[in-house]
Amino acid sequence: MTSLAGYLVLSAMLFAIGLAGALTRRNAIIVLIGIELMLNAANLNFIAFWRFSEHPEALTGIMFVIFSIGVAAAEAAVGLALIIAIYRHYKTTNVDEVNSLKG
Amino acid sequence: MTLPFLIVAALTIAAAVAAMTLRNLVHCSLALVGAFVGLAAAYLQLDAQFVGFAQVLVYVGAVAILIVFAVLLTRGGEAPAGTVFSSSWKWGALVAAVVFGLLAWAIKNSFASDRRPTPQVEATVKQIGEALMTKFVLPLEVIGLLLTAALIGAVIIAMRDEAKSK
């Protein structure tokens, strides 16, 4: 079986890719996709640490990931609703042009 | 490192890079589905079957479809004419590279390299259900409340402002 470090490095790479996407792209939807990737990288860390822990029968890692998936689903719904509201107001989803709170 | 892990890791990373770099937003969403499926496969390799199937159901089934809906509602289906990167993309790429370097350095110098997995881990759906109904019942109720609030909030935010549009 692969060592714990392999899964942690995979998770770190996913997090860095998501962070790069969220910080460099212009479209707000891609920024949200990057945030989703970062959340998933954190979930992979939880599962990897649970599998390699001393007491996996306590199921804490699995429980945390289940609740984290629920919160991420709520976050995606609210985030996409915000993007649609912004698009309706500014007629764009370019984050460079959305630069004032009181439009 | 075993061969199945390397295949899954390579597919996941390639799909994630494609999701972040492709020009067309619909292609980005499809690549994102590939990354989610790769992560579900990694969960299955780690003996977390229920989480793997929940990942497929929630992310591939719901979140990816939601993103495709948002792409189509904001007319992002056609690729933009100019650059797809923001004005400050150099700093963003630098920050991401530094974060990955720091994380990789910390993992290399930690106890994680020589950690052995616990043999014979069992996390059946029955055990997870019993834990959800006994030890974790309060978080379960809170997550239900949060999902209801998010549902109502998303509808209210995205609802057309009738008074203004008339």
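Guide: Chain A has three helices and zero strands, running α-α-α along the sequence. Keep in mind that this is a predicted model.

Visitor: What makes chain A more spread out than a compact globule?
Guide: The globule rule gives 13 Å for 103 residues, and the radius of gyration of chain A is 17 Å, well over that, so chain A counts as more spread out. Its C-alpha atoms fill a box of roughly 55 × 25 × 15 Å along the principal axes.

Visitor: And chain B, how does its radius of gyration sit against a compact globule of 166 residues?
Guide: Such a globule would come out near 15 Å, but chain B has 21 Å. The box for the C-alpha atoms of chain B is roughly 65 × 45 × 25 Å. In secondary structure, chain B has seven helices and zero strands.

Visitor: What share of residues in each chain is called buried?
Guide: The label needs a relative accessible area under 20%. In chain A, 60% of the 103 residues are buried; in chain B, 31% of the 166 residues are.

Visitor: How do you know what size the interface of chain B and chain A has?
Guide: The size of an interface is often given as the accessible area lost when the parts come together. Here chain B and chain A bury about 6800 Å² between them, with 77% of it on carbon and sulfur atoms. On the chain B side, B:M20, B:L46 and B:R115 lose the most area to chain A, together 11% of what that side buries. Counted by residues, the contact takes 78 from chain B and 71 from chain A.

Visitor: Why is the pair A:R51 and B:D47 called a salt bridge?
Guide: The rule asks for a side-chain nitrogen of Lys or Arg within 4 Å of a carboxyl oxygen of Asp or Glu. For A:R51 and B:D47 the closest N and O atoms are 2.8 Å apart, so the pair qualifies.

Visitor: Which helix gives the largest share of the chain B side that touches chain A?
Guide: That's α3(B), with 11 residues. By class, the chain B side has 58 nonpolar, 13 polar and seven charged residues.

Methods
Residues are numbered from 1 along each chain as its sequence is written. Chains are lettered from A and ligands numbered from 1 in the order in which they are written. This is a predicted model: local features need pLDDT of at least 70, side-chain atom pairs count only at pLDDT 80 or more; totals for chains, interfaces and linings use all residues. Side-chain values use heavy atoms; hydrogens and water are left out. Contact means heavy atoms within 4.5 Å. Buried area is the accessible area (1.4 Å probe) that two parts lose on being put together, summed over both. Helices (H or I, at least four residues) and strands (E, at least two) are DSSP runs, numbered from the N terminus. Ala, Val, Leu, Ile, Met, Phe, Trp, Tyr, Cys and Pro count as nonpolar, Asp, Glu, Lys and Arg as charged, and the others, Gly among them, as polar. The radius of gyration is taken over C-alpha atoms; the globule rule is 2.2 Å times the number of residues to the power 0.38. Buried means under 20% relative accessible area, exposed over 50%, partly exposed in between (1.4 Å probe, protein chains only).
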